[in-house]
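Please open the sequence and the 3D view side by side, and take the points in order.

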Amino acid sequence: MNRRHHALPPDHQPAGRRRRLAVLLAVMTAAVLAPAVSVEAASRTNASIAMSPASYGYSETSPDPAYQPPGRATNKRPGKPTPTPTPTPTPTPTPTPTPADSPAPHPPAGLYVVTSPELAPQFCQDTTTPLVRSTRPVFGVSSGAPAYNTDRPNLRAVFELSRSSGETVLTQSVAFAGSGATFQAPDGVLTDGAYRVRARAEDGAAVSDWLPWCAFTVDTSGTASAPGVPDSLRISTGPYSGFQACRAVSGAPVARTGDMLSFAASPTPAIIGVTYPNLSATFEIGHPGQEPLIRKTTPIWPSGTVFSAGVAPGTFTSGSYQFRVRAEDGGLVSAWSPWCAFTVTE
């Protein structure tokens with residue numbers, strides 16, 4: 001007789017078997033759930049460490065409250081704005097003092113005396129003693145050639161005036177203006193008489209040699225002799241053609257009818273023009289042995305060194321001519337110069 005075994009429902013299984021199945025199920029459940037619990041716990045632990053400020057060396061008592069963990073945006077506390085510096089103005093440079101052991105400056109040049117600033121100077125190297133018609137004459141010098149004293153911004157000129165006997169009456173120091181230095185004698189220093197003047201250059205403690213003494217005469221009496229007879233007569237045939245001198249050895253000057261002629265002469269002595277404030281010259285031009293065709297009076301050049309008279313082109317026809325000149329200052333008149341012959345051609 002065959003017996004068939006059929007599974008019994010749990011409720012009909014023996015109690016011992018049900019207990020063994022329950023224990024087995026509990027063991028299997030614990031084995032499956034244990035890893036998940038461990039992972040979740042580990043995640044919570046790591047998160048708490050990551051969020052902990054202490055993990056970065058920071059605590060509530062940290063001395064640097066502005067510290068932020070790496071990787072986070074830094075929120076600095078606003079501080080006081082940095083002020084913009086005020087520009088410091090560049091000071092104006094002051095002249096550098098000249099060392100006492102610096103080389104001496106070059107002596108000045110062209111010492112002159114003149115009655116007043118508007119007249120031409122009387123240079124002291126001329127052979128004639130300068131004559132001034134005022135007790136307040138002007139004295140001046142040049143710093144010399146362009147290469148002299150150009151690197152001396154503190155250069156000054158010192159003038160020393162004395163009587164002809166040697167008694168010093170005035171010492172004056174003036175700065176150079178460009179290449180020249182001048183000063184005018186003050187009232188009460190000079191009277192009519194004979195004097196002398198000299199000058200030197202100074203740059204701090206460095207000084208040049210004195211120029212030679214220059215004698216001059218002060219005469220305010222108003223009396224004067226006649227000016228000297230002009231000399232060095234000459235003719236120019238155009239603005240850029242130069243002059244032909246009236247010399248017997250080189251022949252008479254030659255011009256053309258279409259030339260713009262200029263007749264010139266020099267006062268004598270060369271500085272006479274500053275002695276006579278109204279000095280002028282009268283020219284006479286014509287054929288030899290006849291009355292002058294042209295008589296013309298012109299003032300001396302501002303330089304005080306040239307008399308000149310111009311004649312328009314076409315004034316003269318071809319032929320032989322001559323001219324002469326004399327110096328005049330009011331009623332003071334010089335003698336006539338010798339005739340200067342010249343020839344005009346077509």
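A word on burial before we start: a residue is called buried under 20% relative accessible area, exposed over 50%, and partly exposed in between, with a 1.4 Å probe and protein chains only.

1. **What you are looking at.** This is a predicted model, in which local features need pLDDT of at least 70 and side-chain atom pairs count only at pLDDT 80 or more, while totals for chains, interfaces and linings use all residues. Residues are numbered from 1 along each chain as its sequence is written, and side-chain values use heavy atoms, with hydrogens and water left out.

2. **The chain as a whole.** The protein chain contains two helices and 20 strands; these are DSSP runs numbered from the N terminus, with H or I of at least four residues for helices and E of at least two for strands. Of its 346 residues, 32% count as buried. The accessible surface comes to about 21,700 Å², and carbon and sulfur atoms hold 57% of that surface; such areas come from the Shrake-Rupley method with a 1.4 Å probe, and for residues only the protein chains shown count as cover.

3. **Contacts along the sequence.** A contact means heavy atoms within 4.5 Å. Among contacts in the protein chain with a separation of 6 or more, 64% are between residues 24 or more positions apart.

4. **How many disulfides are there?** A search of the whole structure finds two, where a disulfide is a pair of cysteine sulfur atoms within 2.5 Å. With bonded cysteines counted along the chain, the pattern is 1-2, 3-4.

5. **The Cys124 and Cys214 pair.** The sulfur atoms of Cys124 and Cys214 are 1.9 Å apart. The torsion about their S-S bond is about -80°, so this disulfide is left-handed. Cys124 sits in the loop between β2 (122–123) and β3 (131–132), and Cys214 in strand β10 (residues 214–218), so the link ties together parts that are 90 residues apart in sequence. Cys214 counts as buried because its relative accessibility is 3%.

6. **The Cys246 and Cys340 pair.** In this disulfide the sulfur atoms of Cys246 and Cys340 are 1.6 Å apart. The S-S bond has a torsion of -70°, and the link is left-handed. Cys246 lies in the loop between β12 (244–245) and β13 (254–256), while Cys340 belongs to strand β20 (residues 340–345), so parts that are 94 residues apart in sequence are tied together.

7. Gly251 is partly exposed, at 33% relative accessible area. The C-alpha atom of Gly251 is separated by 8.7 Å from that of Phe342, although the two residues are 91 apart along the chain.

8. **Strand β8 and its partners.** Strand β8 (residues 193–203) has eight of its 11 residues buried, so the rest of the structure largely encloses this strand. Which strands pair with β8? Two strands pair if DSSP finds at least two bridges between them. Strand β5 (residues 156–163) is joined to β8 by eight bridges and runs antiparallel to it, with Val158 and Arg200 as bridge partners. Five bridges join β8 to β10, again antiparallel, and here Ala194 stands opposite Thr217. Two bridges link β8 to strand β9 (residues 206–207), also antiparallel, and Glu202 stands opposite Val207. The hairpin of β8 and β9 has two residues between the strands, and Gly204 in this hairpin takes a positive phi near 65°.

9. **A sheet of four strands.** Look next for an open sheet with the order β12-β11-β14-β17 and antiparallel pairing. Its edge strands are β12 and β17 (307–311), each of which pairs on one side only. Strand β11 (residues 231–236) is joined to β12 by two bridges, and Ile235 has Gln244 in β12 as its bridge partner.

10. **One backbone angle to check.** Ser232 has a positive phi of about 55°, although it is not a glycine. Ser232 lies in strand β11 and is partly exposed, with a relative accessible area of 43%.
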